[in-house]
Amino acid sequence: MFATYEAFKFPLQFGDGSTIWRGVEIMLNNPWLIATLEDDDEVPRTFLLKGLDDLLHVMESSELGKLTGVRLVLPPYVSPTSDWSFVHVCRVERELRSSDGAMPSAVLKSNDGRRYGGFPIHQTHRDEADLIALADFPVAAT
């Protein structure tokens with residue numbers, strides 16, 4: 001989803017196990033996620049994620065902190081505005097059973113009640129009885 005290039009590598013590196021970049025290229029114009037987590041000191045960290053399985057992995061990785069917010073980023077070809085747009089997510093849910101026979105994954109619920117799932121992430125219709133809430137976030141003003 002994202003590519004890095006030496007020309008964008010930040011000249012100073014801090015810490016071990018990570019590399020700091022000034023920019024990345026979006027290789028595929030599929031929907032992706034912006035996830036915000038807070039550690040024990042309530043310091044927010046923001047991650048760009050390619051999909052819902054990655055979001056579940058981040059949520060299960062306690063060393064990264066607690067998930068405090070998610071935005072779904074829609075590229076122009078699926079955006080209602082014909083430009084990049086952001087969907088405010090008020091809930092992350094997990095499927096009890098998948099709709100297509102694959103491994104159950106996460107489903108996002110937007111402020112306006114729409115649900116998004118699958119890969120690439122797309123609008124989906126799911127029965128609430130097939131979902132369990134994993135995280136709730138305040139409804140953002142639109």
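The model is predicted, so local features need pLDDT of at least 70 and side-chain atom pairs count only at pLDDT 80 or more, while totals for chains, interfaces and linings use all residues. Residues are numbered from 1 along each chain as its sequence is written, and side-chain values use heavy atoms, with hydrogens and water left out.

What does glutamate 93 meet? Arginine 115 forms a salt bridge with glutamate 93, the closest N and O atoms being 2.8 Å apart; such a bridge is a side-chain nitrogen of Lys or Arg within 4 Å of a carboxyl oxygen of Asp or Glu. Arginine 115 lies in strand E8 and glutamate 93 in strand E6, so this pair ties together parts that are 22 residues apart in sequence. Strands here are DSSP runs of at least two residues (E), numbered from the N terminus. Arginine 115 is itself buried, at 8% relative accessible area. Glutamate 93 also meets arginine 91 in a salt bridge of 3.8 Å, N to O, and arginine 91 counts as partly exposed at 23% relative accessibility. Zooming out, a network of salt bridges links Arg91, Glu93, Arg115, Glu128 and Asp136. By the same cut-off, the count comes to ten salt bridges. Another of them joins aspartate 130 and arginine 126 (3.7 Å, N to O); aspartate 130 is buried at 15%, and arginine 126 counts as buried at 12%.

Now follow the strands around these charges. E6 and E7 pair in the antiparallel sense over five bridges, where pairing requires that DSSP finds at least two bridges between two strands. Glutamate 93 stands opposite valine 107 in E7. On to E8 (residues 115–117), which pairs with E7 in the antiparallel sense over two bridges; here the bridge partner of lysine 109 is arginine 115. E7 and E8 form a hairpin with four residues between them, and glycine 113 in the turn has a positive phi of about 90 degrees. Four of the five residues of E7 are buried, so this strand is largely enclosed by the rest of the structure. By contrast, look at the loop between E6 (85–95) and E7 (106–110), which holds aspartate 100: this residue is exposed, with a relative accessible area of 62%.

Next come the aromatic rings. Rings of Phe, Tyr and Trp (its six-membered ring) pair if their centres lie within 6.5 Å; planes under 30 degrees apart count as stacked, over 60 as edge-to-face and the rest as tilted. The count comes to three aromatic pairs. In one of them, phenylalanine 2 and tryptophan 32 have ring centres 5.5 Å apart and planes at 85 degrees, so the pair is edge-to-face. Phenylalanine 2 lies in E1 (residues 2–3) and tryptophan 32 in E3 (residues 32–38), so the pair ties together parts that are 30 residues apart in sequence. Phenylalanine 2 is partly exposed at 28%, whereas tryptophan 32 counts as buried at 8%. Ring pairs link Phe2, Trp32 and Trp84 into a cluster.

Finally, tyrosine 5 sits in the loop between E1 and E2 (25–26) and is partly exposed, with a relative accessible area of 38%.

Note on methods:
Buried means under 20% relative accessible area, exposed over 50%, partly exposed in between (1.4 Å probe, protein chains only).
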